[in-house]
Amino acid sequence: MIVGWIILILMVSPGGNKHDAVEVSHRMGKPLVFKTKEDCENHVMNNSFYLTAFALSQFDSRISVDKIACIKKVLKGSTL
């Protein structure tokens with residue numbers, strides 16, 4: 001079992017009654033997985049503008065970013 005850290009962007013509608021999320025799985029064609037939570041959080045801090053823009057581009061409605069989080073995920077068939 002291989003475990004890594006990924007970026008999950010939580011979205012919310014203006015009224016706060018609808019939630020959704022988008023996982024950021026790749027950057028420039030390469031898997032975006034981190035060995036440590038600290039590495040993931042540093043990437044989020046240094047790229048929050050681009051991550052927000054990406055998340056907003058994935059939805060058609062009036063929805064905004066609620067939170068960008070690093071979460072642990074079991075990776076199947078991957079290596080870090």
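Helices here are DSSP runs of at least four residues, numbered from the N terminus. Keep in mind that this is a predicted model.

Q: Where does H43 lie?
A: H43 sits in helix α1, which covers residues 37–57.

Q: Why is H43 called buried?
A: Buried means under 20% relative accessible area. H43 has 15% relative accessibility, so H43 counts as buried.

Q: Which residues is H43 in contact with, leaving aside neighbours within four places in sequence?
A: Those are I7, R27, L32 and F34.

Q: What makes E23 and K73 a salt bridge?
A: The cut-off is a Lys or Arg side-chain nitrogen within 4 Å of an Asp or Glu carboxyl oxygen. For E23 and K73 the closest N and O atoms are 3.2 Å apart, so the pair qualifies. E23 is in strand β2 (residues 19–24) and K73 in strand β5, so the bridge ties together parts 50 residues apart in sequence.

Q: How do you know that E41 and K37 form a salt bridge?
A: Their closest N and O atoms are 3.9 Å apart, and the limit is 4 Å, so this pair counts too. Both residues are in helix α1, 4 residues apart, or about one turn of the helix.

Q: Why is V74 called partly exposed?
A: Partly exposed lies between the buried cut-off of 20% and the exposed cut-off of 50%. V74 comes in at 43% relative accessibility, so partly exposed is the label. V74 belongs to strand β5 (residues 64–75), and together with M1 and V3 makes a nonpolar surface patch of about 320 Å².

Methods
Residues are numbered from 1 along each chain as its sequence is written. This is a predicted model: local features need pLDDT of at least 70, side-chain atom pairs count only at pLDDT 80 or more; totals for chains, interfaces and linings use all residues. Side-chain values use heavy atoms; hydrogens and water are left out. Helices (H or I, at least four residues) and strands (E, at least two) are DSSP runs, numbered from the N terminus. Buried means under 20% relative accessible area, exposed over 50%, partly exposed in between (1.4 Å probe, protein chains only). Contact means heavy atoms within 4.5 Å. Patches are made of residues with over 30% relative accessible area and no salt bridge: like charges are joined within 9 Å, nonpolar side chains (Val, Leu, Ile, Met, Phe, Trp, Tyr) within 5 Å. Accessible areas come from the Shrake-Rupley method with a 1.4 Å probe; for residues, only the protein chains shown count as cover.
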